Amino acid sequence: MIPLSWYLVFAALLFCIGLYGVLARKNAIGILLGIELMLNAVNVNLIAFWRYRSPGGIAGQAFAIIVFAVAAAEVAVGLALIISIYRRRSSVVANDMNMMKW
Amino acid sequence: MTVEQIIFLVVAVVTLVAAIAVVTSRNLIHSALWLILTLFGVAVFYVLLDAGFFAVIQVIVYIGAIAILFIFASMLTRRVMQDTGPQSNSNWWLGALIALLLFGGIALVLISWQGFTTLAPILTGQSGQLSQLGLALVSPDQYVLPFELASVLLVAGMIGAIFVAGDKKQ
Amino acid sequence: MSTELMIWLLPLPPLLAFFLIVLFTNRYKALSHSLAVGAALLSWLGSMVVFFRAISTEHLGTHPFESVLNWLPTGNNWFQIGIRIDPLSAATLFFVAWTVLMIFIYSVGYHNYGQPAGDHDKKGLQPHGATITDEHGHRHVVPSIEPMYSRFFAFIGLFAFGMYTLVVSNNLLTLFVGWEIMGLCSYLLIGFWYQKPTARAAMIKAFITTRVGDVFMLLGIAYLYSSIGSLSYSDIFKPETLQTLASTPAIGGFLGLSAAGMIGILLFIGTIGKSAQWPLHVWLPDAMEGPTPVSAMIHAATMVSAGVYMVIRMFPLLQAGSEGGHLTPAMSLLAVIGTFTAIFAATIALAQNDIKRVLAYSTISQLGYMIAALGIGAYVAAAFHLFTHAFFKALLFLGSGSVIHGVEHGVLHTGEKVDPQDMFNMGGLRKKMPITFWTFLIGGFALSGFPLITAGFWSKDEILADAFANGHWVVFVTLALAAFITAFYTMRQITLTFLGEPRSDSAHHAQETPWTMTLPLVVLAIFAISLGWAGIAESFPVIGNLIPNFVHEFVGGTLIEMPEALPFTVIPLLVSVVAALGGLTLGWLVYRNQKAGAEDPLKATLGPVHTLLKNKYYFDEIYDTVFVRPAYWLADNFTNQILDRGIIDGILHFIARVASNVGTIFRNYFDKPVVNGFGDFVGEGVKRVGRTIKVIQTGKVQQYLLMALVLVFGAMFYFVFSFFGH
């Protein structure tokens with residue numbers, strides 16, 4: 001008998017850890033890892049709400065499926081970009097990619 | 001404490017520790033491997049939530065594709081990162097603060113929400129059917145549009161990735 | 001066509017000719033002169049019809065042809081203008097129409113129509129002849145056509161319009177309009193050859209001198225209008241109006257004159273200017289700078305006659321207030337000035353050598369006769385002399401023009417450098433120019449008053465008779481003396497010009513002028529003889545009863561009271577005959593043997609007096625010193641330097657400086673610091689803010705996310721706390 005709150009808190013924690021990763025990692029791939037964690041936390045949240053609030057409906061699941069697809073696409077493109085940048089500048093440190101400054 | 005709850009707690013702890021390891025590991029390959037563990041943990045959660053399909057999808061897609069992709073990318077960009085120094089940038093404390101604040105905020109909001117401690121409703125045989133999900137994704141009056149858009153997105157992403165990361169032979 | 005309508009239309013053909021020539025036909029000489037002569041012919045025709053209708057109307061004086069129209073709205077009623085033909089204006093119309101037509105025809109020949117264009121002729125200068133080669137290869141210099149041919153006809157067309165307007169008007173205002181138009185045309189035509197400095201000086205002198213007279217005349221008109229509120233003759237000459245004017249004292253009790261007297265004197269001063277009486281006579285001799293048709297028309301037949309016409313018209317006003325034949329102050333002034341001018345000008349004419357100058361002074365003198373006649377109350381005599389004088393003076397001027405043309409022909413032929421207008425270079429022209437000679441002789445005799453057959457005799461005799469009969473001895477004697485001198489200088493002129501032997505090569509080679517010039521001479525000569533017989537006094541012995549005295553009956557009817565016909569007296573007749581014949585004989589005797597290069601015998605006789613006469617009593621020099629030079633000095637020093645440059649320009653410069661300084665102040669203290677400063681401030685401010693803020697754009701994605709989240713949490717905490725605060 002797991003109350004909804006457990007899942008939500010867990011998801012929140014996972015999300016915040018992911019956020020910390022996004023904000024604090026040097027490596028660009030590390031940032032993407034953090035983003036993956038955040039997306040997973042969101043998915044957990046969605047499925048939990050689906051299961052606990054309206055298991056008869058299918059909206060939660062459909063949403064989560066879409067999130068999967070989006071996450072996959074985003075990772076693919078993001079990594080492609082990082083590889084491309086690495087080829088040019090031989091660096092994957094996020095802070096070095098600051099050409100769009102003033 | 002029921003069995004479910006114990007399983008839940010154990011898996012939760014494992015997942016969270018693995019998540020922390022993801023974001024603090026000095027070695028990028030280690031981060032990716034820790035990520036795989038985290039994703040496994042999340043898959044277990046899906047099972048606990050009676051969404052078995054999602055657990056499978058999680059393993060196949062996330063772990064089987066995305067995590068592998070991360071490992072590939074790490075290896076392809078590895079040369080410069082031979083020396084694995086500290087992985088945190090100069091503003092890590094601000095990030096930590098923000099994350100904590102965010103968690104606090106969410107927690108506060110959730111606590112004041114009255115549906116916070118509901119228990120899981122009993123599932124009937126009709127709900128949770130995979131066919132229902134399948135139908136939902138292709139029915140014109142349900143979610144066919146996001147589905148199609150997601151497929152377009154995937155195609156675009158694929159083409160974009162190939163284009164951006166491909167070898168440009170002049 | 002009704003007579004009134006015809007009278008309205010009389011002035012229009014010449015005006016139309018003026019506009020058409022000026023606007024359209026300036027380049028076409030034949031078309032221009034045809035327009036002008038055609039217009040003159042039309043107006044002449046109309047005038048003849050009107051005149052004949054006029055003389056066949058009974059009591060035209062009390063029932064004249066009159067027509068008015070409302071012109072200016074003045075309060076409750078209208079200022080009206082209109083036309084009026086009573087006996088005086090009908091007779092004036094007669095001579096104006098004839099003389100104008102004759103002079104227009106004469107001008108065609110005078111300006112050498114049909115001759116080739118000159119070698120060196122320029123607009124604004126007299127034509128100097130063209131060299132042509134005849135069939136034998138000989139080169140001759142012949143007279144050349146006037147370069148500004150059409151312009152002349154345009155101007156005389158405008159002039160004719162002015163004169164007709166003056167004659168047909170029924171009120172002083174349109175009379176004054178016609179007066180001034182003629183003044184303008186006189187100016188334009190005297191200075192027709194405007195490149196000549198003497199012509200330019202003469203045109204200005206004429207205009208300004210007559211202007212002096214016109215100012216006083218306008219004052220008189222204004223005074224009259226303010227006294228009785230109307231300017232039309234029918235209103236002025238009502239007996240009640242005249243009575244009122246005669247009994248009201250003039251403004252300021254000026255010299256004890258009545259209002260009528262004051263007005264009369266002011267109007268008369270206009271005539272002094274226009275008809276060249278002393279002291280405003282100085283412009284007329286200089287006006288001989290213009291072409292001869294101009295001298296004939298303006299300064300003999302029409303314009304100067306207009307002055308006399310006006311004062312004859314105003315006679316009832318001048319006479320107002322006199323009882324039983326006593327002269328009013330205005331009439332006395334007329335008599336004095338007229339008589340003095342008559343003798344004054346006659347003496348000057350004695351010493352002049354230019355053929356046209358003699359005639360100019362003669363005109364002044366004869367006008368003096370008319371004015372004197374009017375001054376002593378001889379209304380009909382003055383009018384009669386006006387009519388006859390117009391014809392024979394026009395004849396004399398046109399004749400002199402013919403003479404000058406003939407001598408010029410000789411000058412061009414021989415290449416001699418002599419003045420073709422100097423009588424002492426002429427002589428013996430009667431053989432070379434017979435028609436001119438005979439007509440000039442008739443005119444000269446008319447001027448002198450040759451008994452019985454010339455018109456001048458009858459009109460001059462009547463003036464002398466009137467003076468004698470009314471006991472004005474001074475006037476009688478002076479005018480008789482002037483008549484003698486007139487005859488003398490006229491015969492001097494004829495003898496020097498036509499009789500004897502030619503005194504220069506040019507005179508030897510002179511030629512008669514074409515028919516366009518001699519025909520008008522003949523026509524005018526006919527009038528110069530016959531017109532006199534229309535005015536023979538009924539009381540004249542023998543012939544008096546053969547023909548009624550048309551002039552007296554007709555013209556006298558203009559006045560309310562028909563003037564009495566005078567009984568015949570022998571003495572004035574004798575005096576007049578003696579003066580005329582004596583003067584003519586003496587003139588012939590003195591000059592018949594004048595040789596080339598010899599001195600004028602009068603110089604020896606008169607000595608220093610001759611120099612005085614030749615220099616016109618130095619009046620020109622006196623006026624120059626007393627009036628002209630001070631005016632120039634005043635204009636230059638006061639008006640130009642002080643008023644114009646100093647004050648007006650000074651004010652303008654001051655305003656400009658003030659504006660400039662205010663502008664500079666605005667620029668330096670407001671525009672630059674405030675407006676520019678504000679603009680710069682805004683720009684600089686934005687730039688500084690930008691420079692300060694741009695540091696947040698580090699290009700580092702993580703920092704962006706951090707910033708976003710910080711702000712989001714800030715907002716979220718605010719809302720959360722406010723949420724929890726409730």
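User: In which sense do strands E3 and E4 of chain C pair?
Analyst: In this predicted model, strand E3 (residues 130-133) and strand E4 (residues 139-142) of chain C pair in the antiparallel sense, over four bridges.

User: Which residue of E4(C) is the bridge partner of C:Thr131?
Analyst: The partner of C:Thr131 is C:Val141.

User: And how many residues are between the strands of that hairpin?
Analyst: Five residues lie between E3(C) and E4(C), and in this hairpin C:Gly137 takes a positive phi near 85°.

User: Changing topic: how many residues of chain B are in contact with chain A?
Analyst: On the chain B side 84 residues are in contact, and they meet 69 residues of chain A. The area buried between the two chains is about 7,200 Å², with carbon and sulfur atoms giving 77% of it.

User: Which residues of chain B lose the most area there?
Analyst: They are B:Leu49, B:Tyr62 and B:Phe70, which together account for 9% of what the chain B side buries.

User: What about salt bridges across that interface, how many does the rule find?
Analyst: The rule finds one. A salt bridge joins the side chains of A:Arg51 and B:Asp50, at 2.7 Å from N to O. Between chain B and chain A, six residue pairs are in polar contact, counting pairs with both residues at pLDDT 80 or more.

User: Which helix gives the largest share of the chain B side?
Analyst: That is H1(B), with 12 residues. By type, the residues of chain B's side that touches chain A divide into 57 nonpolar, 22 polar and five charged.

Terms used: Residues numbered from 1 in each chain as written. Chains lettered and ligands numbered in written order. Predicted model: local features only at pLDDT ≥ 70, side-chain atom pairs only at ≥ 80, totals over all residues. Heavy atoms only, no water. Contact = heavy atoms within 4.5 Å. Buried area = accessible area lost by both parts, 1.4 Å probe. Salt bridge = Lys/Arg side-chain N within 4 Å of Asp/Glu carboxyl O. Polar contact = N/O pair within 3.5 Å; in protein donor to acceptor, adjacent residues only side chain to side chain. Helix = DSSP H or I, 4+ residues; strand = E, 2+ residues; numbered from the N terminus. Nonpolar A, V, L, I, M, F, W, Y, C, P; charged D, E, K, R; others polar. Pairing = 2+ DSSP bridges.
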